[in-house]
Amino acid sequence: MTITAIRKKPNKVLLLDRNKCISCAGCVGTCPDLALDMFGLDLQVFQDKCTYCTICVRFCPVGALAIEKTTA
């Protein structure tokens, strides 16, 4: 018998303010869940991989990332 753990995601979302982002990619290297990646100078957020650990939010030198609760 195989038991599979199902991790429920909290009602949160990782937000990126593209007006603040300076494309330094520092957050990409800090994410333990590979939820961030750079495509050229464009930072991409993969919500399905994010565990909302806040490491990237705390690392960002310009405050371009934030975690907020959702209503749904």
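**Figure 1. Overall fold: two helices and four strands make up the secondary structure of the protein.** The model shown is predicted. Along the sequence, the elements follow the pattern β-α-β-β-α-β. The protein has 72 residues, and 21% of them are buried. Its accessible surface comes to about 5,200 Å². Carbon and sulfur atoms account for 57% of that surface. Among contacts with a separation of 6 or more, 61% join residues 24 or more positions apart.

**Figure 2. The salt bridge: Arg18 meets Asp42 through their side chains.** A search of the whole structure finds one salt bridge. The N to O distance in the Arg18 and Asp42 pair is 2.6 Å. Arg18 has a relative accessible area of 48%, so it counts as partly exposed. Asp42 is partly exposed as well, with a relative accessibility of 31%.

**Figure 3. Leu14, a buried residue of strand 1.** The relative accessible area of Leu14 is 3%. Buried means under 20%, so Leu14 falls in that class. Which residues does Leu14 contact, leaving aside neighbours within four places in sequence? The list is Leu36, Val45, Gln47, Cys50, Tyr52, Cys56, Val57, Leu65, Ala66 and Ile67. Tyr52, one of these partners, is 38 residues from Leu14 in sequence. In space, the C-alpha atoms of Leu14 and Tyr52 are 7.1 Å apart.

**Figure 4. Ala66 in strand 4 (residues 65-69).** Is Ala66 buried, partly exposed or exposed? It is partly exposed, at 29% relative accessibility. Residues up to four places away in sequence aside, Ala66 touches Val13, Leu14, Leu15 and Val57. Ala66 and Tyr52 are 14 residues apart in sequence. Their C-alpha atoms lie 9.6 Å apart in space.

**Figure 5. Tyr52, a residue with positive phi that is not a glycine.** Phi of Tyr52 is about 60°. The residue lies in the loop between strand 3 and helix 2 (55-59). Tyr52 is buried, with a relative accessible area of 9%.

**Figure 6. Ala25, with a positive phi in a residue other than glycine.** Phi of Ala25 is near 70°. Where is Ala25 placed? It is in the loop between strand 1 and helix 1. Ala25 is partly exposed, with a relative accessible area of 31%. Ala25 is also among the residues that line the largest cavity.

**Figure 7. The largest cavity, with a volume of about 80 Å³.** Rolling a probe the size of a water molecule over the atoms shows where empty space is left. The structure holds two cavities of 30 Å³ or more. Cys21, Ile22, Ser23, Cys24, Ala25 and Cys27 are among the residues lining the largest one. Leu43, Cys60, Pro61, Val62, Ala64 and Leu65 also belong to this lining. How does the lining divide by class? It has 11 nonpolar residues, one polar residue and no charged residues.

**Figure 8. The second largest cavity, with a volume of about 50 Å³.** Nine of the lining residues are nonpolar and two are polar. No charged residue takes part in this lining.

**Figure 9. Gly40 in the loop between strand 2 (36-39) and strand 3.** Gly40 is exposed, at 65% relative accessibility. Exposed means over 50%, so Gly40 falls in that class. Gly40 and Ser23 are 17 residues apart along the chain. A distance of 8.9 Å separates their C-alpha atoms. Ser23 is one of the residues that line the largest cavity.

Technical notes
Residues numbered from 1 in each chain as written. Heavy atoms only, no water. Salt bridge = Lys/Arg side-chain N within 4 Å of Asp/Glu carboxyl O. Buried < 20%, exposed > 50% of the residue type's maximum accessible area, 1.4 Å probe, protein only. Contact = heavy atoms within 4.5 Å. 1 Å grid on protein atoms, 1.4 Å probe; cavity = no way out; pocket = protein on both sides within 12 Å on 5 of 7 lines; lining within 4 Å. Points joined across faces, edges and corners; volume = space filled by probe spheres on them. Nonpolar A, V, L, I, M, F, W, Y, C, P; charged D, E, K, R; others polar. Areas by Shrake-Rupley, 256 points an atom, 1.4 Å probe, with all protein chains shown as cover.
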